[in-house]
Amino acid sequence: MDQSTWDDIAPQLDEISEEIERLLASDEAEKLRRLIAKCGQTISEDVSVDLKCTLSIFDRNRECSLALLNLGLGVSESGEVYLRSGDSSAHRYVVDGEIEVVPNDICPNSYHEWGFKFENPQCSHFDAELGVNC
């Protein structure tokens with residue numbers, strides 16, 4: 001996503017995140033939190049329960065979605081329901097001479113997952129190499 005688009009959408013993402021957090025913590029969501037806790041108590045200790053709210057954009061040219069916001073509710077081992085966030089910080093890369101902004105675990109060329117870029121400097125989905133062409 002180019003820098004200008006990121007700058008335009010970032011304040012809206014912050015507001016959406018705050019609103020989702022407010023809704024999930026509200027009295028209206030008490031039944032939802034209780035049901036999620038019950039799911040957590042019902043399943044095996046080897047797995048966990050998460051309710052995720054994800055805001056993503058779909059890029060038709062890349063044929064891939066880019067998750068920009070990811071938060072929700074989780075259940076701890078003790079059965080406590082908590083607000084969880086799976087967001088990654090935004091990083092800037094130079095791609096084809098232009099600044100692109102994507103979450104740090106995403107390839108700025110393909111929008112596919114690309115974690116631990118310093119340990120794995122080449123994207124497995126695209127001919128992108130950290131420090132070379134991004």
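These legends accompany close-up views of a predicted model.

**View 1. Strands β1 and β2 pair in the antiparallel sense.** Strand β1 covers residues 50-59, and strand β2 covers residues 64-75. The two are joined by 10 bridges. Across the pair, Cys-53 stands opposite Leu-71 in β2. Together β1 and β2 make a hairpin, with four residues between them. Glu-63 sits in that turn. Its phi is positive, about 55°.

**View 2. Strand β2 also pairs with strand β3.** Strand β3 takes in residues 81-85. It runs antiparallel to β2, and five bridges connect the two. Here Leu-73 stands opposite Leu-83 in β3. This pair of strands is a hairpin too, with five residues between the strands. Gly-79 in this hairpin takes a positive phi near 95°.

**View 3. Asp-50 and Arg-84 form a salt bridge.** Their side chains meet at 3.7 Å, N to O. Asp-50 belongs to strand β1 and Arg-84 to strand β3, so the contact ties together parts that are 34 residues apart in sequence. Arg-84 counts as buried, because its 13% relative accessibility falls under the 20% limit.

View 4. In general, side chains of opposite charge can pair when their charged atoms come close. Glu-30 is partly exposed, with a relative accessible area of 36%. Arg-33 is buried, at 16%.

**View 5. Asp-59 and Arg-62 form a salt bridge.** Their side chains meet at 2.9 Å, N to O. Asp-59 counts as buried, with 16% relative accessibility. Arg-62 is partly exposed, with a relative accessible area of 26%. How many salt bridges does a search of the whole structure find? The count is four.

**View 6. Acidic side chains gather in a surface patch.** Which residues make up this patch of negative charge? They are Asp-2, Asp-7, Asp-8, Asp-96 and Glu-98. Asp-2 lies in the segment before helix α1, which covers residues 3-25. Asp-2 has a relative accessible area of 35%. That makes Asp-2 partly exposed, because the value falls between the 20% and 50% limits.

**View 7. Phe-116 is an exposed residue after strand β5.** The strand covers residues 98-103, and Phe-116 is placed in the segment that follows. Its relative accessibility is 64%. Phe-116 therefore counts as exposed, a class that begins over 50%. How far is Phe-116 from Arg-60? Their C-alpha atoms are separated by 26 Å. Along the chain, the two residues are 56 residues apart.

How values were computed:
Residues numbered from 1 in each chain as written. Predicted model: local features only at pLDDT ≥ 70, side-chain atom pairs only at ≥ 80, totals over all residues. Heavy atoms only, no water. Patch = residues over 30% accessible without salt bridge, like charges linked within 9 Å, V, L, I, M, F, W, Y side chains within 5 Å. Areas by Shrake-Rupley, 256 points an atom, 1.4 Å probe, with all protein chains shown as cover. Lys, Arg positive; Asp, Glu negative; His and termini not counted. Charge placed at Lys NZ, Arg CZ, Asp CG, Glu CD. Buried < 20%, exposed > 50% of the residue type's maximum accessible area, 1.4 Å probe, protein only. Pairing = 2+ DSSP bridges.
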